[in-house]
Amino acid sequence: MAEKGLTKKEANRRLKLHGYNEIRELFHVSPFKILFGQIKNNFVIYLLVAAAAISAIVGKAATEYVIIGVITVVISVGFFQEYRAEKAIKSLKKMIMPVYTAMREGEEIEIPTREIVPGDVLVLRTGEKIPADCVVLQENDLKINESVLTGESKEIEKFAIKGGRTPDKKNKIFMGTLIVNGSCVAKVLDTGMKTEFGKIAKMISAAEKELPLKNKVNQITKYMALGAIFFSVFIGILMITRAGSFSYDILTGILIVVIAIAVSAFPEGFPVVLMSTLASGTRHMAKKNAIVNRMSIIETLGETTVICSDKTGTLTTGEMTVKHVFTDGKTLDVSGVGYEAEGKFSYDDQVVDINKNFPLKMLLKSSVLCNDAKIERKGTDSEFFLKGTPTEGALLIMAAKAGIFREDIPSERVEEISFNSVRKLMSVLCNERGKTIVYSKGAPEILMKKCKYLQSGDKIVKLSSEERDKIMNFDKDFSAKKFRVIALAYKRTKTLKKESFEKDLVFLGLAALEDPPREEVKSTLETCRLAGIDVKMITGDNRETAIEIGKEIGIIGDVLTGDDIDKLTEKELEKTVKNISIFSRVRPDHKIRIVKALKNNNEIVAMTGDGVNDAPALKEAHIGVAMGKTGTDVSRESADLVLKDDNFATIVSAIREGRTIFSNIQKFITYQLSCNYAELFIIFFGILLGMPLPLLALQILFMNIVTDNMPAITLGFNRPANYIMQGRSISMSSIMDKRLLRLLIIAGTTMGIATLAVFHFSLNILNQDITVARTTALMTLIFFEIANAFNFRSFVNPVLKSSPFDNRYLVYAAIASLIASLLIIYTPLNIAFETAPIGWFNMILGLLISITVIIVFDLLKIRKQEDRII
């Protein structure tokens with residue numbers, strides 16, 4: 001490569017001059033947009049505004065001001081939580097921001113996207129998103145998808161600029177577009193907002209998918225609010241009927257009751273608690289190497305029934321090692337593991353002299369030259385750092401064990417036919433001191449069709465059918481022992497036409513690569529089985545290799561090859577796919593068909609992928625999962641979830657988190673609704689029984705904001721239950737179901753009856769003042785709501801058998817709620833809230849009565865101990 005690139009000093013100077021390479025508008029979270037959304041989409045806000053207006057009309061100024069304060073708090077906290085959640089998603093995306101290979105001072109180095117400056121020389125390959133506007137200096141079969149700029153998805157061929165010509169569109173590649181084929185060396189012209197992409201950034205929407213979970217919560221909120229209106233109007237009409245006569249004072253009193261009933265059922269905190277829980281979940285996932293691209297998939301994660309996982313690097317370590325080489329009719333053993341260039345080639349326990357084995361030497365040379373990966377020494381020892389794919393890295397390490405490195409070979413790459421998942425071949429044309437030689441590598445069954453000759457010692461002989469069968473039998477033997485097999489070939493040629501590169505090749509040999517399974521895969525697969533999740537392995541390896549790897553990790557069952565899929569109709573595939581455990585020799589278009597077939601069987605599908613051609617399958621799946629380490633930019637952008645460690649266990653961990661999040665959402669919603677129901681019960685039946693109003697509107701609002709919301713938010717931090725991954729996935733079509741409704745009614749009724757009883761006892765038995773009786777009822781209900789929050793840490797484990805600090809945040813919220821409650825009783829705030837200081841007897845009475853809700857729930861849990869309610 002002639003271009004040496006910028007010096008580090010000049011690059012830093014240009015970075016200061018031009019700024020970071022960012023499109024600010026796309027990553028900007030508009031506070032005003034979120035604030036407007038908080039007001040527009042929160043039905044409760046409108047009802048609270050109406051309640052404040054009625055309070056003003058009837059002369060209840062204190063109630064009016066407090067309700068306005070509540071509206072401000074609800075909007076502010078909701079805005080803050082959603083803004084934080086949006087910022088969290090943006091920051092998580094930056095955690096997987098790609099790096100690019102740039103020439104700096106004649107060396108190839110990796111730099112983050114944002115540090116690219118005009119003048120940088122970049123090396124770009126298939127699957128990468130172009131990070132800046134550039135002019136092409138060198139290219140190899142370069143094709144670009146410019147749909148992000150033009151709206152047209154067809155591939156556009158690009159060419160290197162020649163001479164001193166002014167570059168035109170054919171020589172330019174643009175920021176945000178994608179390399180779908182080939183590779184190039186390009187010089188950066190513009191970055192950031194000065195690019196063509198930057199100029200139209202305001203018209204481009206990186207829109208988040210709709211969040212169904214939020215819509216479901218909003219629906220519950222709306223129904224509760226409408227129910228509150230119905231009951232308040234009903235009670236208002238009932239009171240008017242009982243009054244017999246009309247006056248301003250009577251009407252005012254009725255309106256105050258109507259406000260109290262309506263406010264009692266307003267679940268003001270639902271949106272706030274939901275966003276807090278989701279934001280917390282995304283942070284937990286990020287700590288476990290799962291980066292959420294779209295918050296909308298969190299609920300879908302918990303519903304997953306099928307995981308279609310790539311084998312290499314996900315179920316296996318991805319650190320490949322060549323263990324055997326078949327060449328010149330012999331199978332050689334290769335010692336050493338990983339990316340250390342320590343090892344020897346041996347035959348029958350005798351070390352092979354590379355210089356005396358021409359076929360082996362040519363095979364190693366082919367492995368190095370027909371290769372896009374690079375290895376760099378970590379230090380002075382023989383351990384190397386890989387830049388590229390694990391397969392190509394293993395071939396470079398194999399050659400390094402023989403002391404063969406690319407930089408030591410007097411060879412210049414002239415042309416290239418890139419590898420892709422359809423061809424399963426790669427070929428390069430090299431100029432070696434005036435001689436032109438083609439080197440090829442690929443899948444044995446594909447490459448063998450291109451071979452006409454065989455390297456036998458120093459001679460090239462015609463490849464007989466017997467030799468061809470012998471080679472393919474060795475391929476099968478290697479595959480049956482779980483090895484991935486790569487075939488290598490070459491030929492001397494005089495023509496520079498690409499169409500003739502892969503004709504009449506000379507077969508050199510086979511390289512058998514080992515890719516050991518990850519240690520945690522077996523236990524993770526067992527977790528999936530207990531959770532009712534079917535795992536299907538998808539691999540480009542042949543049938544025999546796939547079966548053996550499947551046996552080792554515990555995926556055993558029927559196998560379907562890519563050729564088999566081609567022969568099946570869509571309907572036939574739908575009938576077959578459910579019983580298949582392993583898919584071998586699969587192409588990206590097969591992945592799409594597999595996903596569609598599973599979806600048509602009503603499965604919730606998670607699909608992994610790392611290549612540019614995997615993007616359609618990732619988009620088609622309910623949950624597209626891309627690889628953070630080995631995945632292309634295209635696959636990462638198409639995915640809903642990105643694995644920073646490329647580990648299968650991380651997918652299962654994300655599913656566990658998804659189930660936990662949904663379980664916690666069910667807990668806090670059931671908890672909050674039980675509290676709203678209790679408040680409604682107290683007001684409704686208090687009026688029906690002819691009692692004075694047990695609780696006032698301001699007191700109810702205080703409980704809703706402080707003693708409801710604070711514990712409810714902390715319920716979103718409940719740790720995963722030990723049974724969360726036992727049994728089939730949970731259906732999230734409805735947040736509330738019959739059993740949760742039953743718990744809601746039991747809790748709400750218990751709290752309502754007991755609080756009314758305390759109010760009656762204080763007012764009529766102890767003959768205490770109405771304000772004292774209301775304050776006693778208020779504290780009793782506050783104690784109840786705090787105790788009830790501890791009930792909803794788990795639907796299975798009794799409170800009295802669990803540590804209070806299983807959720808320490810709930811303990812803190814309970815203490816804060818109690819302190820706030822004491823402040824509105826024992827400070828001048830009691831004037832605004834119409835409370836009065838109460839004695840120890842009243843306080844202890846309320847505390848002891850509140851324990852009944854824990855006893856009732858613990859008895860239910862013990863009785864249903866065997867149930868596993870999520």
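**Burial, cores and helix packing in a predicted model**

At 34% relative accessibility, Asp806 counts as partly exposed (buried means under 20% relative accessible area, exposed over 50%, partly exposed in between, with a 1.4 Å probe and protein chains only). The structure is a predicted model, in which local features need pLDDT of at least 70, side-chain atom pairs count only at pLDDT 80 or more, and totals for chains, interfaces and linings use all residues. Residues are numbered from 1 along each chain as its sequence is written, and side-chain values use heavy atoms, with hydrogens and water left out.

Asp806 sits in the loop between helix 27 (770–791) and helix 28. Helices (H or I, at least four residues) and strands (E, at least two) are DSSP runs, numbered from the N terminus. Asp806 touches Arg719 and Arg793, leaving aside residues up to four places away in sequence; contact means heavy atoms within 4.5 Å. Along the chain, Asp806 and Arg719 are 87 residues apart, and their C-alpha atoms are separated by 7.9 Å.

Ser817 belongs to helix 28 (residues 808–826). Its relative accessibility is 0%, so Ser817 counts as buried. Beyond four places in sequence, Ser817 touches Val706, Thr707, Met710, Pro711 and Ile786.

Ile746 is part of helix 26 (residues 738–765). With 25% relative accessibility, Ile746 counts as partly exposed. Its contacts, not counting residues up to four places away in sequence, are Val856, Phe857 and Leu860.

The protein as a whole contains 30 helices and 28 strands. Of its 870 residues, 56% are buried. Contacts between residues at least 6 apart in sequence were also classed by separation: 72% of them join residues at least 24 apart.

The largest nonpolar core has 119 residues. Such a core is a set of buried Ala, Val, Leu, Ile, Met, Phe, Trp, Tyr and Cys residues joined through side-chain atoms within 4.5 Å. Ile307, Leu641, Phe648, Ile669 and Leu695 have the most contacts inside this core. Helix 24 (residues 648–688) supplies its largest share, 20 residues. Apart from this core lies another, of 43 residues, among them Val322, Leu364, Ile375 and Tyr490. Leu641 touches residues including Ala290, Ile291, Val292, Ile297 and Leu301. Gly624, Val625, Ala626 and Ala654 are also among the residues that Leu641 touches.

Two packed helices are described by the angle between their axes and the distance between the axes. The axes of helix 20 (residues 570–577) and helix 21 (residues 588–600) come within 9 Å and cross at roughly 70 degrees. Axes are lines fitted to C-alpha atoms, for helices over the stretch in contact, with angles from 0 to 180 degrees between N-to-C directions. Helix 20 and helix 21 are therefore roughly perpendicular to each other (65 to 115 degrees). From helix 20, Glu570, Leu573, Glu574 and Val577 meet Arg593, Ile594, Ala597, Leu598 and Asn600 in helix 21. By class, this contact has five nonpolar, one polar and three charged residues. Ala, Val, Leu, Ile, Met, Phe, Trp, Tyr, Cys and Pro count as nonpolar, Asp, Glu, Lys and Arg as charged, and the others, Gly among them, as polar.

The average pLDDT (the predictor's confidence in each residue, from 0 to 100) is 83, and 87% of the residues score at least 70. Over residues 25–29, pLDDT stays under 50.

Conventions: Angles under 35 degrees count as roughly parallel, over 145 as roughly antiparallel, 65 to 115 as roughly perpendicular and the rest as oblique.
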